[in-house]
Amino acid sequence: MSKTKKTNAMRILDKNHILYDIKTYEYTEEDLSGIHAAAEVGMPPDKVFKTLVGRGNVTGPVVFCIPVHKELDLKKAAHVSGNKNVHLIHVKELSDLTGYIRGGCSPIGMKKLFPTYIDETALSIDIFSISAGQRGLQILATPKDIIKLIDARTADLTMSDIILTDGRVRS
């Protein structure tokens, strides 16, 4: 197995003596989804978190990390971040703002330390997975270590599950 080149996120974890593991996976431009990443690294979707970048009307850029199978509730996001409203930035803005590209955006090592919120479900997980800052590469670490490192707050950030008439749950 070839040695994986360290990403900025991994160097920051090393510098701060935070234990982590990495998982690599195959991806295509057609499927950069977190659901694909979760399947490829062999973890359930509720333990693999995606990083979304928004812009609040008061705070400016703000970062949200939520389970890959969930959808960000923009009203909740605005409320917890002290904004009246939040909208997700356009993918074209991502690289200039964060230094990362779609499918490889990590909450660790962005160009600036933006206010960051991690879904509260992370608190009940021993190890979760977040992007290592490169497509096809995930960091596995304890949520509490990552929360402390990036000075994140936890909150309920996702849309509520909807129970369909046939008993299935739509997230």
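The buried residues of helix α1 pack against β1 (21-24), β6, β7 and α5 in this predicted model. These buried residues are Ala9, Met10 and Leu13. Seen down the axis of α1, they fall within an arc of 100°, so they line one face of the helix. The chain as a whole comprises five helices and ten strands, and buried residues account for 45% of its 171 residues.

- Three strands make up an open sheet in the order β1-β7-β6, and their pairing is antiparallel.
- The edge strands of this sheet are β1 and β6, each of which pairs on one side only.
- From one strand to the next, the twist averages 35°.
- Helix α1 packs on this sheet and touches β1, β6 and β7. The direction of α1 makes about 25° with that of β7.
- Strands β1 and β7 pair in the antiparallel sense over four bridges. Within this part of the structure, threonine 24 has leucine 137, in β7, as its bridge partner.
- Histidine 17 follows α1 and has a positive phi, near 55°.

**The five-stranded sheet**

- Five strands form an open sheet in the order β4-β2-β3-β5-β8, with mixed pairing.
- Strands β4 (86-88) and β8 (153-155) are the edge strands, and each pairs on one side only.
- Neighbouring strands of this sheet are turned against each other by 35° on average, with direction ignored.
- Eight bridges join strand β2 (residues 49-56) to strand β3 (residues 60-67), and the two strands pair in the antiparallel sense.
- Lysine 50 stands opposite isoleucine 66, which belongs to β3.
- Helix α4 (residues 91-98) packs on the sheet and touches β2 and β3. The direction of α4 makes about 90° with that of β2.

**Nonpolar cores**

- The largest nonpolar core contains 29 residues. Within this core, Phe49, Val53, Ile118, Ile139 and Ile146 have the most contacts.
- Several elements give two or more residues to this core: α1 (8-15), β2, β3, α4, β6 (128-134), β7 (137-141) and α5 (143-149).
- A second, separate core has twelve residues, including Leu52, Leu72, Ala78 and Tyr117.
- When neighbours within four places in sequence are left aside, isoleucine 118 is in contact with Phe49, Cys65, Ile147, Ile150, Ala152, Arg153, Thr154, Ala155 and Leu157.

**Threonine 51**

- Threonine 51 lies in strand β2.
- Residues under 20% relative accessible area count as buried; threonine 51 therefore counts as buried, at 12% relative accessibility.
- Threonine 51 and isoleucine 66 are 15 residues apart in sequence, and their C-alpha atoms are 6.8 Å apart in space.
- The side chain of threonine 51 reaches the backbone oxygen of cysteine 105 at 3.3 Å.
- Apart from neighbours within four places in sequence, threonine 51 is in contact with Val63, Phe64, Cys65, Cys105, Ser106, Pro107 and Met110.

**Asparagine 83**

- Asparagine 83 is located in the loop between α3 (74-80) and β4.
- With a relative accessible area of 9%, asparagine 83 is buried.
- A polar atom of the side chain of asparagine 83 lies 3.2 Å from the backbone nitrogen of asparagine 57.
- Asparagine 83 is in contact with Gly56, Asn57, Val58, Thr59 and Ala78, leaving aside its neighbours within four places in sequence.

**Contacts across the chain**

- Among contacts in the chain between residues at least 6 apart in sequence, 60% join residues at least 24 apart.

Technical notes. Residues are numbered from 1 along each chain as its sequence is written. This is a predicted model: local features need pLDDT of at least 70, side-chain atom pairs count only at pLDDT 80 or more; totals for chains, interfaces and linings use all residues. Side-chain values use heavy atoms; hydrogens and water are left out. Two strands pair if DSSP finds at least two bridges between them. Axes are lines fitted to C-alpha atoms, for helices over the stretch in contact, and angles run from 0 to 180 degrees between N-to-C directions. Contact means heavy atoms within 4.5 Å. A nonpolar core is a set of buried Ala, Val, Leu, Ile, Met, Phe, Trp, Tyr and Cys residues joined through side-chain atoms within 4.5 Å. Buried means under 20% relative accessible area, exposed over 50%, partly exposed in between (1.4 Å probe, protein chains only). A polar contact is a pair of N or O atoms within 3.5 Å; within protein, one must be able to donate a hydrogen and the other to accept it, and residues adjacent in sequence count only if both atoms are side-chain atoms. The arc is that of the directions from the helix axis to the C-beta atoms.
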